[in-house]
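Please open the model in your viewer and keep the selection tool at hand.

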Amino acid sequence: PGILSDVLRIISDYSGNILTIHQRIPSTVLIIEYQHSDLEHTGDVSGMIAAMESKAGVHHIKILAKE
């Protein structure tokens, strides 16, 4: 419980705006589409991913596409 909330908070901390969330049930795959609202933080995606992967219950983060 609370893993999605933790991940969304991290995206917010890195000035990201959530565009869509897709969850595959019953598997634990979650796809989040977001964009940065603060151009200063757009280069710090690796820091954001590291912060997400450090959360209990998060096993793997993968970037599917990047503009």
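Predicted model: local features only at pLDDT ≥ 70, side-chain atom pairs only at ≥ 80, totals over all residues.

Beyond its neighbours within four places in sequence, Ile10 is in contact with Met48, Ala51, Met52 and Lys55. Ile10 itself belongs to helix 1, which covers residues 3-13.

Is Ile10 buried or exposed? Its relative accessibility is 7%, and because buried means under 20%, Ile10 counts as buried.

Ile10 and Met48 are 38 residues apart along the chain, yet 6.8 Å separates their C-alpha atoms.

Now select the largest nonpolar core, a set of 9 residues: Val7, Ile10, Ile11, Tyr14, Val45, Met48, Ile49, Met52 and Val58. Helix 1 and helix 2 (45-53) each supply at least two residues of this core, and helix 2 gives the most, with 4 residues. In soluble globular proteins, nonpolar side chains tend to be buried together.

Not counting residues up to four places away in sequence, Val7 touches Ile32, Met52 and Val58.

Finally, move to the largest pocket, which holds about 1300 Å³ of space. To find its centre, select Leu30, Ile31, Ile32, Ile61 and Lys62, which lie nearest to it among the 32 lining residues. Which elements supply at least two residues each of this lining? They are helix 1, strand 1 (16-24), strand 2 (29-36) and helix 2. Strand 2 provides the largest share, 8 residues. Colouring the lining by class shows 19 nonpolar, 9 polar and 4 charged residues.

Terms used: Residues numbered from 1 in each chain as written. Heavy atoms only, no water. Buried < 20%, exposed > 50% of the residue type's maximum accessible area, 1.4 Å probe, protein only. Contact = heavy atoms within 4.5 Å. Core = buried A, V, L, I, M, F, W, Y, C linked by side-chain atoms within 4.5 Å. 1 Å grid on protein atoms, 1.4 Å probe; cavity = no way out; pocket = protein on both sides within 12 Å on 5 of 7 lines; lining within 4 Å. Points joined across faces, edges and corners; volume = space filled by probe spheres on them. Nonpolar A, V, L, I, M, F, W, Y, C, P; charged D, E, K, R; others polar.
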